[in-house]
Amino acid sequence: KTVPFTSEQLENIIAQYPTPFHIYDEEGIIENMKSFINAFSWNKGFKQYFAVKATPNPYIMRLLQKLGVGADCSSLAELLLCEKVGITGHDIMFTSNDTPYVEYKKALEMGAIINLDDITHIEYLEKNHGSLPDTFCVRYNPGSLKEGGNTIIGLPEEAKYGMTREQIFEAYKQLQAKGVKHFGIHTMVVSNELDIDGLVGTAELCFNLAVDIKKELGITVEFIDLGGGVGVAYKPEQTPVDFRVLSKGVEEAYNRILVANGLNDVALAYECGRMVTGPFGYLVSTAIHKKDIYRHYIGLDACMANLMRPALYGSYHHITVMGKENAPKDHVYDVTGSLCENNDKFAIQRELPKIDIGDRVIIHDAGAHGHSMGFNYNGKLRSAELLLHKDGSVTQIRRAETYDDLFGTLDFSNL
């Protein structure tokens with residue numbers, strides 16, 4: 001794995017923006033997204049909705065908007081970000097769960113497509129909002145029909161998301177009776193999936209369901225959202241998903257299942273987030289301490305408040321020590337942060353080059369679910385976000401937090 005900057009470039013950046021910080025490769029994000037969209041150009045109406053939760057930053061969202069990418073939102077804050085960026089209407093897929101009405105209300109006011117997570121939300125929306133829009137999507141949970149699952153979502157039958165097959169049919173009946181005219185299906189049963197057969201299998205589940213709905217209810221499914229789930233090759237030995245191969249597999253299933261049953265014009269969508277920004281974001285930190293007890297530790301000025309995936313999921317994130325890319329990996333370290341939590345470790349027993357105090361330590365694939373999952377435990381301040389342009393210049397797209405920010409919601413006047 002490589003980084004999109006030289007040691008000299010990085011030092012110039014750090015001179016203006018102290019570590020730790022997240023930095024995103026603008027060109028990498030754009031070219032990757034163009035490749036994905038082009039791969040599915042065979043499908044009329046194809047739409048990619050960026051999962052805002054992955055990297056909720058308006059600068060990133062605007063980059064993608066210029067490519068025709070919409071937004072997949074799961075909360076009021078994400079809807080408000082869309083509003084500020086100028087993403088509205090059916091360019092928003094509102095995929096939420098256990099949703100308060102105030103969030104539904106905003107989504108409906110913005111003209112977003114509502115992706116219903118539960119059949120009871122039909123009555124809930126009607127009771128609180130009155131009229132319903134003429135377009136709805138419903139989220140399918142295939143349960144034990146889909147084997148596997150993973151550490152992020154788990155087994156489908158144990159996941160809190162979506163409706164059963166029987167509920168999908170009943171929801172369609174209820175929605176049609178209430179005047180809804182345009183219907184979609186959504187499912188997402190795995191996350192960070194690198195197996196193309198598994199991703200195509202997800203499509204087949206939805207395609208077969210659409211055919212059965214047409215046969216049994218006479219309702220034509222107009223669009224199918226295949227969720228996100230396209231994975232990132234976090235480990236160097238892993239192979240990234242080839243978008244062309246994925247698209248070819250989905251197209252074959254589309255023709256074999258949908259077209260063969262008279263469903264010729266179903267628009268497809270994805271709501272990828274991780275693969276859009278994940279490989280193109282880096283957490284830049286500095287080694288500030290070395291500790292030798294029962295193990296050898298390298299302490300960074302970053303901690304799990306900057307990137308919690310290793311602690312939360314046991315996830316692997318590759319590490320580059322700047323200037324030592326070709327040095328022998330003849331030391332074994334636990335790479336840690338300063339949080340008062342023993343799982344505050346970016347790497348455990350990782351073979352790395354000898355690390356000295358002051359070395360710049362780059363943590364790869366931190367562009368999605370990195371900064372966005374940050375928190376303030378121990379009073380840690382969330383770091384800045386930077387955007388690296390093709391010409392090597394950098395724009396700060398989020399400043400680092402200050403202690404005034406941290407204490408801003410406290411009222412000291414009554415002490």
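Modeller: Helix α4 (residues 76-85) packs with helix α5 (residues 101-109) at an angle of about 25°, and their axes lie 9 Å apart. Axes here are lines fitted to C-alpha atoms, for helices over the stretch in contact, with angles running from 0 to 180 degrees between N-to-C directions. Helices are DSSP runs (H or I, at least four residues), numbered from the N terminus. The angle therefore makes α4 roughly parallel to α5, a term for angles under 35 degrees. This is a predicted model, in which local features need pLDDT of at least 70, side-chain atom pairs count only at pLDDT 80 or more, and totals for chains, interfaces and linings use all residues. Residues are numbered from 1 along each chain as its sequence is written, and side-chain values use heavy atoms, without hydrogens and water.

The crossing of α4 and α5 is left-handed, that is, the near helix is turned anticlockwise from the far one by less than a right angle. From α4, L76, L79, L80 and E83 make the contact, and from α5, E103, K106 and A107 (heavy atoms within 4.5 Å). By class, four of these residues are nonpolar, none is polar and three are charged.

As for the cores, I224 and L246 touch the most other members of the largest one, which has 85 residues. A nonpolar core is a set of buried (under 20% relative accessible area, 1.4 Å probe, protein chains only) Ala, Val, Leu, Ile, Met, Phe, Trp, Tyr and Cys residues joined through side-chain atoms within 4.5 Å. Helix α8 (residues 196-217) gives the most to this core, ten residues. A second, separate core of 17 residues includes I298, Y333, L352 and A366.

Methods. Helices (H or I, at least four residues) and strands (E, at least two) are DSSP runs, numbered from the N terminus. Angles under 35 degrees count as roughly parallel, over 145 as roughly antiparallel, 65 to 115 as roughly perpendicular and the rest as oblique. Ala, Val, Leu, Ile, Met, Phe, Trp, Tyr, Cys and Pro count as nonpolar, Asp, Glu, Lys and Arg as charged, and the others, Gly among them, as polar. Buried means under 20% relative accessible area, exposed over 50%, partly exposed in between (1.4 Å probe, protein chains only).
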